[in-house]
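Dear colleague,

I am handing over the structure below, and I would be grateful if you could look through it alongside these notes.

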Amino acid sequence: MQQIIDLIQTYSLLRMLIAFLVLIGIVFLNAIVMGYLERKIAARIQRRWGPMEIGVQGWLQMILDGVKMLAKQLIVPRDADRFLFRLAPLLCFTPVVMIFAALPFSKALYGINLHIGLIYIIAMASINVFAILIAGWSSNNKYSMFGAMRSVAQNIAYEIPILLSLLSVVLTTASFDLQKIVEAQSGWLWFAVYPNLFVAFVIYLIAGCAETNRAPFDLPEAESELTAGFHTEYSGFGFGLFAVAEYGNLFIMASIASIMFLGGWNGPFGLASGPLMGAFWFLSKVFVLMLVMIWVRWTYPRVRFDQLMNLAWKYLIPFSLVNLLITAFLVKMI
Amino acid sequence: MGEESKIKSINAFTQSLREEYEQGAIEHQGAMLSQLLLTDKVLKVCQANSLWPMTFGLACCAIEMMATGMARIDMARYGAEVFRPSARQCDLLIVSGTVNKKMAPAVITLYEQMPAPKWVIAMGNCAISGGPFAVEENYNVIEGVDRLIPVDVYIPGCPPRPEALIEGILKLQEKITGGRQPWPQRKMPEKPEVIKI
């Protein structure tokens, strides 16, 4: 008996190890694909071609950039806190992989299924703020510090509407288990169809945009004001890891949106959603959402800081609170 | 006496800076990587094809530099459109315009802040030799940015056209890899289509 338990334990450990290695690969692959798409789409929006010469339509461009970045000199500024300075990119990157492990790509395809998956993911996503603050603080650079402070203020403000809008889904399904939440949406009744949850979906998208420090809310790295924000002093792959983690966070944001509101791995029109087709539907929903984020980023100008804070505290939080109350009322009545 | 000690401390500071830079150059990851998993040539091709320039404009040449990044000319085709605002993240310093004596320390600082494999393009006559300012009455213009920092490629013109800057970047790629980059060069049509209205 003991032997069997040991075997299962080693097997699950092996499974976790393989899952983590594959997921690290997926995180980097995601960064390469998204970086390429972002550069191409930005170019098309500005009536340019984008990368063209390296490979067909420049598809090798991001790989070349990655190799170049690996070969850059790593500078640690003299007055920087050496240990924290080196720690920050890793602290930014690791939680991304840990969250990827908990995402249900399809019914059978996931790293680990937790019955508190949503709480776990939100908790891990909050470490990102910590990493950015460490990066800004340890660089000993005023621009980095400003960027980090802005990022902390912004992420703390926007975590509240995210939590409140996700909570209305949790009220509806009475579960934190992501697989159960996806299964509750089987068939055609995705949660974004319900009017109250659609409001939550829109609030989540706006707040998620700000949470990933992108689009009209990229104040932490506002290039025209703060050289490059919190990663001003990072060269080579320190900066590369921040970029990879940023695209990873974008993926997580989009996948949470698709799991909670757009039916996760459920196909539209009741189409087949087996282990592989489910992953296909899930990834296509995630990529459509991410392309929308890129589209928004290259279309709208940056907001001012007071506008950003007003949007969170005066509009998103009250709206999501009221929405939560309405959802609770509906759940109780129906 | 105070003046002398100040000079001494400044000298010590620059000496320590230089030592630190040399230390960094020894630690330079490129050499290690090329020994471990990449041949030097592959690494050079990668470096040549993703030259990220600095967001750094000095005078009217900067307008042409901006035009090079925009539609119609578009240096993004060669992977060189990522204008990084921080000196730590870029490979290429395009000195685009007149460098006067007040700007010179800033140019040197920016150059020294860039991490190790780095290149410089002197764009326009002012950056090459002072251009129209290289006259007897000149009192504040550095006659040529190569008096301050080493320059890899010179692009003449006042200001040079965006096509000239593209050609300069291609020349720099040639210098890095020892051959014309990128691989299959896209040919422009010989006779551009004339749109009749």
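Predicted model: local features only at pLDDT ≥ 70, side-chain atom pairs only at ≥ 80, totals over all residues.

Residues are numbered from 1 along each chain as its sequence is written, chains are lettered from A and ligands numbered from 1 in the order in which they are written, and side-chain values use heavy atoms, with hydrogens and water left out.

Over all chains there are 16 aromatic pairs (rings of Phe, Tyr and Trp, the last by its six-membered ring, with centres within 6.5 Å; planes under 30 degrees apart are stacked, over 60 edge-to-face and the rest tilted). One of them, A:F198 with A:F201, is tilted, at 6.4 Å centre to centre and 55 degrees between the planes. Of these two residues, A:F198 is partly exposed at 42% relative accessible area, whereas A:F201 is buried at 10% (buried is under 20%, exposed over 50% and partly exposed in between, with a 1.4 Å probe and protein chains only). A:Y204 and A:F261 form another tilted pair, at 6.1 Å and 45 degrees, and both residues are buried.

A:F100, A:F105, A:F251, A:F282 and A:F287 form one aromatic cluster.

Finally, A:K285 lies over the face of A:W190, 4.1 Å from the ring centre, and the charged end of A:K142 sits over the ring of A:Y143, 5.3 Å from its centre (NZ of Lys or CZ of Arg within 6 Å of the ring centre and within 35 degrees of the ring normal). In helix 9 of chain A, the buried residues include A:K285 and A:F282 (helices are DSSP runs of H or I, at least four residues, and strands of E, at least two, numbered from the N terminus).

Best regards
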